[in-house]
Amino acid sequence: MLKIENLHATAGDKEILKGISLTVNSGEVHAIMGPNGSGKSTLAQIIAGHPGYVVTSGSVTYEGKDLLAMAAEERAQAGVFLAFQYPIEIPGVTNAYFFRSAYNEVRKANGMEELDPIEFLDFMDKKLKLVEMDEAMLHRSVNAGFSGGEKKRNEILQMAVLEPKLAILDETDSGLDIDALRVVAGGVNALRTRENATIVVTHYQRLLNYIVPDFVHVLAHGRIVKSGGKELAVELEARGYDWVMEAA
Amino acid sequence: MSSSTEAYEQAFGALRASGGTGWLPALRREAMDRFSALGFPTTRNEDWHFTSVTPIAEKVFKIAPTRTGPATLSPADITALVIGDPDWHRLVFVNGRFEASLSAFAGLPAEVRVTTLAEALKESPEFVAEHLGKLASGEGQTFTAFNTAFAQDGVVIHVPGGEVVEAPVHIVHIADSHAAGVGIHPRLLVVVEPLAQITIVESYACAGPMSGGYLTNAVAEIEIGNGARVDHYKIQRESTDAFHVGTTQVRQGRDSMYHSFSYAAGAAISRTNVYTQLAGENAEARLNGLYLIDGAQHADHQTFVEHLAPACASRELYKGILDGGSHGVFNGKVYVDPIAQKTDGKQTNHALLLSDHARIDTKPQLEIFADDVKCTHGATVGRLDEGALFYMKSRGLGAENARALLTYAFAAEVLETIEVDALREGLEALAFARFTQSELR
């Protein structure tokens, strides 16, 4: 589904990614771990099409297409989703309107019919239950005045609406208490199928108790320095990151 | 005296020939003299530094004609031309002349007086004499003096102590095709006694087609008694070849609340002045506004909050969206008197420039003479937030849609402060259609 080859990227004049290679197949869950500043979030944002980075070499292929040649919205329409580490507040636009516009644009891009507001509210009903959110949330402005936990749930709610093929969760666990973490992870797990894939970017192993990865990669200084199975995450939790970085 | 003020002096003489003696002719004469002496402001005047009124000053706007034929507009036309609920108390003026057949305001509480200025001068001249021209004296203000000299009609509202008027009073000013070259000087006098409440909506609109500009030069005086509240909405959607100057002068008593919202989207040149004096302890003023301009439009807003008593609060949020080669000006003045300790003032103004040719001049002015006060101001001028655009695109929204929605959101944030549902929803729909070319549902 996703093939990253020798990816190098810069922000300003600073090289942040220094040759990343990673292959993600349908049905898999990959965890990308690493200390702060290792380039984890940059990788997530580059896959989603953030304009603030320049890819200097390497390639990213998604379902056989050159992902880097696609605009951010085209990637989303093709099934790539990024749950933001810091979701953006958009006062003045309701969740309901925003979600429906996004959902309908994605449907339109895929040759499907758009839903009208009534049909959409009906459709949202199930999605809200998934992340244990009240319908009232739909009528609030996007993320405006939301608590940290509400923002993260709102991200997963959008993921539930858009049903992406490739979901990237960027530090979705940060700032969540244990109950919120359970709800968010429950939502993500419920959305897993054999056809889609998930990349979980996280600093801590905690989230991986709930969203169990097939592969764990350690990113340091812009490179993947170690890969392994889910037991690697447990080892990192116990021993910290220093030993992997030294070994690399 | 310039050639145009000379022409106005002649017009004044003709208009007020039968004026006679008494307080009103004297008030008008004094205003005319003041207007002639001041002349139109130039950009050397600090208050008009960024706004040239030369296009207004070099014309001589005629006195509005009296309608001779039958009314060309129906109540349904009025409803279509303005935002609001047709069931509100409604007073309609066409080219500055009151149109009884288009107006309906019978259902008010018996003690509450809402009349035209002409009627009030007949029914209760003492009341009008006591209040008219007191807050808006025209001292140093050309346009206010101009209005006082030439005002033909207007509205007088008197809400006695403790009365709460539920439905808004909607004052509608329509300019039609007969307005070309005409000067319209609407006057509004509002006296709200202690503990009373009222919501006033002023709408300015045009019934096209329009050829040749007109001038609307409106003045409102609002006295708010102790513990009373006035919500005042001014919706300016004049013809884009018209000129609009509107001045609201407010004085607030103890524990009172004045909430003002100004929407300005029309006129070639517009100037909106909102001035309030917080004259009693613990009074609060909320001044909000939104302006949307494009093409060669020029929109200037000046607010002036005078904290003249302790423990008063003022909150101000103005936003502008400027496209094309439009030019916006925002000047927010706050004065804190030495006596006004514990003042809590906050002023914010944000402008969004959608084009490289649009321009905004913004000038906050704080004059603080008390030491125990909290006064802040913040201004931003910018373009759409790239982070927010990326967020929307990452959900599948196309670049154009994301920009449109974000532009609307910028406007909606201040429209949310409108507490009258029909007005808020109407303006939201209008702004939404303007920026997204689609319907808000």
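User: Let's start with one residue: is B:Asp255 buried, exposed or partly exposed?
Analyst: First, a heads-up that this is a predicted model. B:Asp255 has 19 other C-beta atoms within 10 Å. Buried needs 20 or more such atoms and exposed needs 12 or fewer. The count of 19 falls in between, so B:Asp255 is partly exposed.

User: What value is phi of B:Asp255 near?
Analyst: B:Asp255 sits in the loop between β12 (243-252) and β13 (257-264) of chain B. Phi is positive there, in a residue other than glycine, and the value is near 60 degrees.

User: B:Ala267 has a positive phi too. Is B:Ala267 buried or exposed?
Analyst: Phi of B:Ala267 is near 75 degrees, again in a residue other than glycine. The residue is found in the loop between β13 and β14 (269-278) of chain B. There are 29 C-beta neighbours inside 10 Å, and the cut-off for burial is 20 or more, so B:Ala267 counts as buried.

User: What about chain B as a whole: what radius of gyration does it have?
Analyst: Chain B holds 10 helices and 21 strands. For 441 residues the globule rule gives 22 Å, and chain B comes close to that, so it is as compact as a globular protein of that length. The radius of gyration is 21 Å.

User: Which percentage of chain B is buried?
Analyst: The C-alpha atoms of chain B fill a box of roughly 70 × 55 × 50 Å along the principal axes. Among contacts between residues at least 6 apart in sequence, 82% join residues at least 24 apart. Of the 441 residues in chain B, the buried share is 50%.

User: What average pLDDT does chain B get?
Analyst: For the model, the scores are ipTM 0.95 and pTM 0.88. In chain B, 98% of the residues score at least 70, and the average pLDDT is 94.

User: Over to chain A: what does the globule rule give for its 248 residues?
Analyst: Chain A has 8 helices and 12 strands. Its radius of gyration is 18 Å, close to the rule's value, so chain A is as compact as a globular protein of that length. The rule gives 18 Å.

User: How much of chain A's contact set, at a separation of 6 or more, comes from residues 24 or more positions apart?
Analyst: The C-alpha atoms of chain A fill a box of roughly 55 × 40 × 35 Å along the principal axes. Buried residues make up 46% of the 248 residues. Of the contacts with a separation of 6 or more, the share from residues 24 or more positions apart is 71%.

User: In the open sheet of 4 strands in chain A, which strands stand at the edges?
Analyst: The order is β2-β1-β4-β5, with antiparallel pairing. Two of these strands each have a single partner, so one side of each is left without a neighbour in the sheet. Those edge strands are β2 (14-24) and β5 (65-66) of chain A.

User: Which residue of β5(A) stands opposite A:Thr61?
Analyst: Strand β4 (residues 54-62) of chain A runs antiparallel to β5(A), and 2 bridges join them. Opposite A:Thr61 stands A:Asp66.

User: There's also an open sheet of 6 strands in chain A. How large is its average twist from one strand to the next?
Analyst: That sheet has mixed pairing and the order β6-β9-β10-β3-β11-β12. β6 (80-83) and β12 (223-228) of chain A have a single partner strand each, so they stand at the edges with one side lacking a neighbour in the sheet. From one strand to the next, the twist averages 20 degrees.

User: Which residue is the bridge partner of A:Met33 in β11(A)?
Analyst: Strand β3 (residues 29-33) and strand β11 (residues 215-220) of chain A run parallel, joined by 4 bridges. In β11(A), the partner of A:Met33 is A:Val218.

User: At about what angle to β11(A) does helix α7 of chain A run?
Analyst: Helix α7 (residues 230-239) of chain A lies across β3, β11 and β12 of chain A. Relative to β11(A), the helix runs at about 45 degrees.

User: Which residue in β9(A) is the bridge partner of A:Val80?
Analyst: Both faces of β6(A) are covered, with A:Val80 and A:Leu82 buried on one side and A:Phe81 and A:Ala83 buried on the other. β6(A) runs parallel to β9(A), and 4 bridges join the pair. The partner of A:Val80 in β9(A) is A:Leu166.

Terms used: Residues are numbered from 1 along each chain as its sequence is written. Chains are lettered from A and ligands numbered from 1 in the order in which they are written. This is a predicted model: local features need pLDDT of at least 70, side-chain atom pairs count only at pLDDT 80 or more; totals for chains, interfaces and linings use all residues. The radius of gyration is taken over C-alpha atoms; the globule rule is 2.2 Å times the number of residues to the power 0.38. Two residues are in contact if their C-beta atoms, placed from the backbone, lie within 7 Å. Two strands pair if DSSP finds at least two bridges between them. Axes are lines fitted to C-alpha atoms, for helices over the stretch in contact, and angles run from 0 to 180 degrees between N-to-C directions. pLDDT is the predictor's confidence in each residue, from 0 to 100.
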